[in-house]
Amino acid sequence: MITINEMAKLVNGTVTGDGTVRIKGISSSDYAVEGDITFAVNEESLRKAEKSKASCVMVLREEANYPKTTVRVEDIKLAMTILYNAMAELLPTQEGKVHPTSILGKNVKTGKNVVIEPFAVIGENVHLGENVRIGAACNIGNTVRIGNNVQVYPNVTIYDNVVIHNNVTIHSGTVIGADGFGYVPMNGKTYKVPQLGTVIIEDNVEVGANVCIDRGTFKNTIIGKGTKIDNLVQVAHNVELGENIMVAAQTGIAGSTKVGENTLIGGQVGISDNISVGKNVKIGAKTGVHGSLRDDVTVWGYPYRKAAETKKLHALLSLFLKNMKKIRKLLREIPD
Amino acid sequence: MITINEMAKLVNGTVTGDGTVRIKGISSSDYAVEGDITFAVNEESLRKAEKSKASCVMVLREEANYPKTTVRVEDIKLAMTILYNAMAELLPTQEGKVHPTSILGKNVKTGKNVVIEPFAVIGENVHLGENVRIGAACNIGNTVRIGNNVQVYPNVTIYDNVVIHNNVTIHSGTVIGADGFGYVPMNGKTYKVPQLGTVIIEDNVEVGANVCIDRGTFKNTIIGKGTKIDNLVQVAHNVELGENIMVAAQTGIAGSTKVGENTLIGGQVGISDNISVGKNVKIGAKTGVHGSLRDDVTVWGYPYRKAAETKKLHALLSLFLKNMKKIRKLLREIPD
Amino acid sequence: MITINEMAKLVNGTVTGDGTVRIKGISSSDYAVEGDITFAVNEESLRKAEKSKASCVMVLREEANYPKTTVRVEDIKLAMTILYNAMAELLPTQEGKVHPTSILGKNVKTGKNVVIEPFAVIGENVHLGENVRIGAACNIGNTVRIGNNVQVYPNVTIYDNVVIHNNVTIHSGTVIGADGFGYVPMNGKTYKVPQLGTVIIEDNVEVGANVCIDRGTFKNTIIGKGTKIDNLVQVAHNVELGENIMVAAQTGIAGSTKVGENTLIGGQVGISDNISVGKNVKIGAKTGVHGSLRDDVTVWGYPYRKAAETKKLHALLSLFLKNMKKIRKLLREIPD
C-alpha cells in the first residue's frame with residue numbers, strides 16, 4: 001500500500017484532498033472499489049469517476065475543482081504507467097495455492113507463492129520459481145524451467161524442455177515450443193526434420209495471446225530480455241530475437257533469422273528465413289523483409305526499401321497515375 | 001418442429017411428397033437422421049441424399065422426379081440459410097446442465113437453461129443470461145457479464161470484466177480481453193501501460209476461431225451489433241467497430257481505430273492505429289490502410305488507394321514491364 | 001532399439017567406437033540420457049555433447065578424434081532426419097492409458113494403445129484408431145473419426161463430425177471444423193449460412209499450432225495426403241488442398257479454393273476464394289493470389305505476377321527512383 005501523497009511524488013503530481021489515504025489498487029471507474037485510484041480523461045469519465053467507489057482520481061493538472069481527492073498531472077497515461085509499474089512492485093505477493101484439480105507430474109519443484117489454477121497439467125521434472133501463476137487448463141510439458149514472477153494466463157501450452165526466465169508474462173492461447181516447420185523431400189516422400197532444440201525466453205518478456213514460438217531444430221529459439229511480442233505473432237524455429245525488441249501483431253519471423261536489440265517491428269511484417277536484422281532498426285507495418293538489414297535503418301514496403309525511398313516511390317506512382325495518358329502516348333511514340 | 005409444407009412456404013419452394021411430415025433438424029446427408037431435412041446440389045449428392053436417412057431433401061426446382069420427399073427451390077444456399085435461421089428460433093431451447101467438473105466462483109448467477117461443459121472455470125461475480133452455453137475448458141474471468149442466447153465454444157479464454165450482450169457466438173481458441181500492446185520507453189527501460197478498460201461485444205456478433213480482441217487501455221474496446229469477425233483476426237485495444245461490419249480472416253486493426261457501420265474488410269487487411277474508417281467502406285484483401293477513410297469508398301492495395309486507381313496502377317505497371325527496353329533507353333537518353 | 005552400427009548403415013555413416021551399443025532415443029545434448037544419440041555441429045556443441053550422457057554422437061565426417069562413440073556423416077541434418085523417421089517406426093508403441101479425469105461420451109470406440117490425457121473431453125460416437133494420443137484439455141466433438149497413429153497435442157479443439165485419417169499430427173491451439181465465414185445479407189439483416197459439411201484430413205498430414213481449418217458449407221473441406229501446414233494458417237470452408245502441399249505460416253486460403261498437389265505456398269500468402277491453383281506451383285511469401293494459377297508456375301508479389309516478372313518490375317521501380325528528377329522533368333515537358 002502507498003499513500004496518495006507518495007503516489008503524487010512518483011508521478012510529479014499535485015494532491016487535492018486528503019493525501020494520507022492509502023491506495024491498494026488501480027482500476028477503471030466501472031470496476032473501482034474503495035481503496036483504488038482511478039483516472040478521468042474527459043467530461044464523461046470525470047462524471048463516472050465521481051460516482052465510482054474509487055478513493056482517488058488521477059486528473060489533468062487544470063482540473064482544479066473536483067469533488068473527490070485527486071492527483072493532478074500533466075500526462076495521465078504516463079502517470080498511470082509509472083504508478084502501475086511502481087505498485088506492481090509494492091503489492092503483496094500472491095498467496096501460494098495449488099488447486100486440487102491440477103495435476104503435477106513427478107519431481108515438480110515449486111518456489112514460494114506459486115498458484116496453479118484448476119485443470120492445469122504440469123509435466124515431470126518441472127521447476128517453477130517464486131511467485132509463479134499457471135492459469136487454468138494450461139499444459140506445461142516435461143522438464144520445463146520457469147523462473148520467478150512469471151504469469152501464464154489460461155489455456156497456454158508449453159511443450160517439453162522450454163526455459164522461461166524471470167518476470168515473464170504469457171497471454172492465453174499461446175503455444176511455446178511446438179515443432180518447427182521442417183521437412184526434407186526424399187525419394188518422393190516428405191521426411192520430418194527432428195526438432196530437438198527448445199525455446200528460451202529471457203527476463204522481462206511479455207508474449208501476447210495466440211502467439212506461436214517454435215522450438216529450435218538443432219539449437220534453441222531465443223527471445224531476448226525485455227522483448228515484447230504482440231498477439232498472433234509467429235516466431236519460427238531457431239530464431240534469435242535480441243533484447244528490447246517490439247514485435248507488433250500478426251508479424252512472422254521465419255526460421256533461423258536473427259534480430260538485433262531495440263528493433264521495432266510493425267504489424268503484419270514478414271521477415272524471411274536465415275537473414276540478419278540489425279539493432280535499432282524500424283520496420284513499417286506489412287513490410288516484407290527478404291534480405292539482411294544493417295543497424296539503424298528504417299524500412300517499409302513490399303518489397304522493403306528504406307522508408308524514405310518507399311515514400312518517394314509511392315509519390316512517383318501517384319504522379320504516373322495522374323499522367324497516365326501522357327505516358328501511354330509517350331510509350332507508343334518511341335520506336336521499338 | 002415444423003412441417004415440410006411450412007418450410008416450403010418460408011423458402012418459396014414446392015413440395016413433392018408428403019408435406020405434413022414434421023422436420024426436427026438440418027444436416028448433410030452423411031450425418032442425417034430420421035426427421036432431418038438435407039440438400040442435394042449435384043448428381044453425387046442427389047444419390048447420397050437418396051440413400052441417407054433424411055426425411056426430406058431440398059433440391060433445385062428442375063429436379064422433378066426424385067424418390068424422396070423434396071422441397072424444390074431456385075437457390076439452395078439461400079433457401080437453406082432462410083430455413084436454418086428460422087429453425088434456430090423454432091428449436092426447443094437446450095436443457096440447462098452444469099457439469100459437475102466445472103468450477104464456478106462465488107456469486108455466479110445463471111439464467112434458465114445454462115449449459116456449462118466439463119472443466120470450464122467461471123470466475124467470481126459472473127452473470128450468465130438464459131440459454132447460454134460455455135464450452136469445455138473455457139476460462140471466464142471475474143465479473144464477466146454474458147447476456148442471453150450466447151454460445152462460447154470450447155477452449156475460449158475471456159479475461160476479467162468483459163461484457164457480452166445477447167445472441168453472440170464465439171468460436172474455439174479465441175481470447176477476449178487480454179492486455180493491449182502498450183509500453184512506454186523511459187530511462188532505458190520499457191514500462192507496461194496498464195490496460196484498465198475492458199471489451200464490450202454487442203448483440204448478434206459472431207467471432208471466429210483463434211481471434212484476439214484486446215481490452216481497452218483507459219476506455220473500452222467495442223464490437224458493434226451484428227458485426228461478424230472471421231478466424232485469426234486481431235482487434236487491438238480501444239478499437240471501436242460499428243454495427244454490421246464484416247472482418248475477414250487474418251485481418252488486424254490497430255489500437256484506437258474506429259470503423260463505421262456496414263463496412264466490409266477483406267482478409268489479411270491491416271488498418272493502422274488511431275485512424276477512422278467510414279461506414280459502407282469496402283477494403284480489398286491484403287490492403288494496408290494507414291490513413292482515415294471517408295464513408296462509401298472502396299480501397300485496395302498496399303499502400304491503399306481507391307480500388308479503381310489501384311487497378312489502373314497495376315495495368316500501368318504491366319505496360320511498363322512490356323516496354324522495359326524502351327523505358328531504359330529513354331531514361332539513358334535524357335540528359336541529367 | 002537399434003544398434004549404432006545399424007544406424008550408421010541407414011545414414012551412410014562411419015562408426016568410431018563400439019557400434020554394438022543399442023540406441024533408444026534421439027535428443028539434444030542438454031536433455032540426452034544414457035542410450036540416446038545426440039549430434040554436434042560446431043565447437044560448442046562438440047564440447048556439450050562430450051559432457052552429455054548421450055551414448056553416441058553424430059558428427060561431421062572430418063571429426064576423426066572425438067572421445068565418445070560417433071557416427072560420422074556428410075550432412076548431419078539429413079542423417080538426423082533419416083534416423084528420426086526410421087526410429088519413429090522402430091520405437092515400441094506407446095502403452096494405452098485413458099486418464100481417469102478425461103471424459104468419454106457414449107459409444108466411444110478406441111483401438112489399441114490409445115492415450116487420452118487429463119481433462120480431454122471426447123464426444124459421443126467417436127472412433128479412435130490404434131496408437132492415438134489425445135492431449136490434455138483437448139475437445140473432440142461428437143461423431144469424430146480418427147485413424148491410427150494420430151497425435152493431437154494439448155488444447156486442440158475438433159468440432160463434430162471431423163474425419164482424420166492415419167499418421168496425422170496436430171499441434172496445440174489448433175481448431176478444426178469451426179463454422180466457415182458465411183452470411184447472406186437480406187432485408188437489412190445478416191443471416192448466417194449453415195455450415196453443414198465437415199473437414200477431412202487425409203494420411204500423413206501435419207498441422208501446426210493455432211491453425212484454423214473451417215468445416216465445409218454444403219460439402220467438405222479437404223486436406224490431402226502428405227500436406228504440411230505451418231502455424232497460424234487459415235483454411236476456409238470448402239477449400240480442397242491436394243497432396244504433398246506445403247503451406248508456410250500465417251497464410252490464408254479463402255473459401256472454396258482448390259490447390260493442386262506438390263504446390264509450395266510461402267508465409268503470409270493470401271489466396272482468394274473460388275479459384276484454382278495448379279499443381280507444382282510455387283508461391284512466394286506475402287503474395288496475393290486473386291486469380292487461378294496454371295500448373296508449374298512460380299508467382300510472387302502483390303498483386304501476383306510470375307516471379308521473374310515481379311523481379312523485373314522491382315528492378316524497374318528502382319531505376320525509376322534513381323531517375324526521379326528526369327522523369328518529373330519529362331512528364332512536365334510532354335504537352336497535355
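Some ground rules come before the content. The model is predicted, so local features need pLDDT of at least 70 and side-chain atom pairs count only at pLDDT 80 or more, while totals for chains, interfaces and linings use all residues. Residues are numbered from 1 along each chain as its sequence is written, chains are lettered from A and ligands numbered from 1 in the order in which they are written, and side-chain values use heavy atoms, with hydrogens and water left out.

Let me start with the overall picture of chain A. It has five helices and 40 strands. Here helices (H or I, at least four residues) and strands (E, at least two) are DSSP runs, numbered from the N terminus. The radius of gyration of chain A is 26 Å, well over the 20 Å that the globule rule gives for 336 residues, so the chain is more spread out than a compact globule. That radius is taken over C-alpha atoms, and the globule rule is 2.2 Å times the number of residues to the power 0.38. Along the principal axes, the C-alpha trace of chain A spans about 85 × 60 × 30 Å.

Next, burial and surface. Of the 336 residues in chain A, 61% count as buried. Buried means under 20% relative accessible area, exposed means over 50%, and partly exposed is in between (1.4 Å probe, protein chains only). Chain A exposes about 13,600 Å², and carbon and sulfur atoms supply 48% of that area. The areas come from the Shrake-Rupley method with a 1.4 Å probe; for residues, only the protein chains shown count as cover.

Now contacts, meaning heavy atoms within 4.5 Å. Take the contacts in chain A between residues at least 6 apart in sequence: 17% of them join residues at least 24 apart.

On charge, chain A carries 38 positive and 33 negative side chains, and the centres of the two sets lie 7 Å apart. Lys and Arg count as positive and Asp and Glu as negative, with His and the chain ends not counted. Each charge is placed at NZ of Lys, CZ of Arg, CG of Asp or CD of Glu.

How are the copies related? Two copies of a chain are related by a rotation about an axis and a shift along it. Chain A can be laid on chain B by a turn of 120° and a shift of 0.0 Å along the axis, with an RMSD of 0.0 Å. The two copies are thus related as by a three-fold rotation axis. Copies are superposed by least squares on the C-alpha atoms of residues with pLDDT of at least 70 in both.

Now some backbone details. A cis peptide bond joins Tyr302(A) and Pro303(A), with omega about 0°. Pro303(A) sits in the loop between strand S39 (298-300) and strand S40 (305-306) of chain A. In chain B, the peptide bond from Tyr302(B) to Pro303(B) is cis, with omega near 0°.

Asn125(A) has a phi near 60°, a positive value in a residue other than glycine. This residue lies in the loop between strand S12 (121-122) and strand S13 (127-128) of chain A. Is Asn125(A) buried or partly exposed? At 30% relative accessibility, Asn125(A) counts as partly exposed.

Ile201(A) belongs to strand S24 (residues 199-201) of chain A and is buried, with a relative accessible area of 0%. Ile201(A) and Ile176(A) are 25 residues apart along the chain, and their C-alpha atoms are separated by 9.7 Å. Not counting residues up to four places away in sequence, Ile201(A) touches several residues, including Val163(A), Val168(A), Ile176(A) and Ile213(A).

Gln195(A) is in the loop between strand S23 (189-192) and S24 of chain A, and is buried at a relative accessible area of 7%. From Gln195(A) to Asp179(A) is 16 residues in sequence and 5.7 Å in space, C-alpha to C-alpha.

Leaving out residues up to four places away in sequence, Val121(B) touches residues of chain A, among them Pro118(A) and Phe119(A), and residues of chain B, among them Ile103(B) and Cys138(B).
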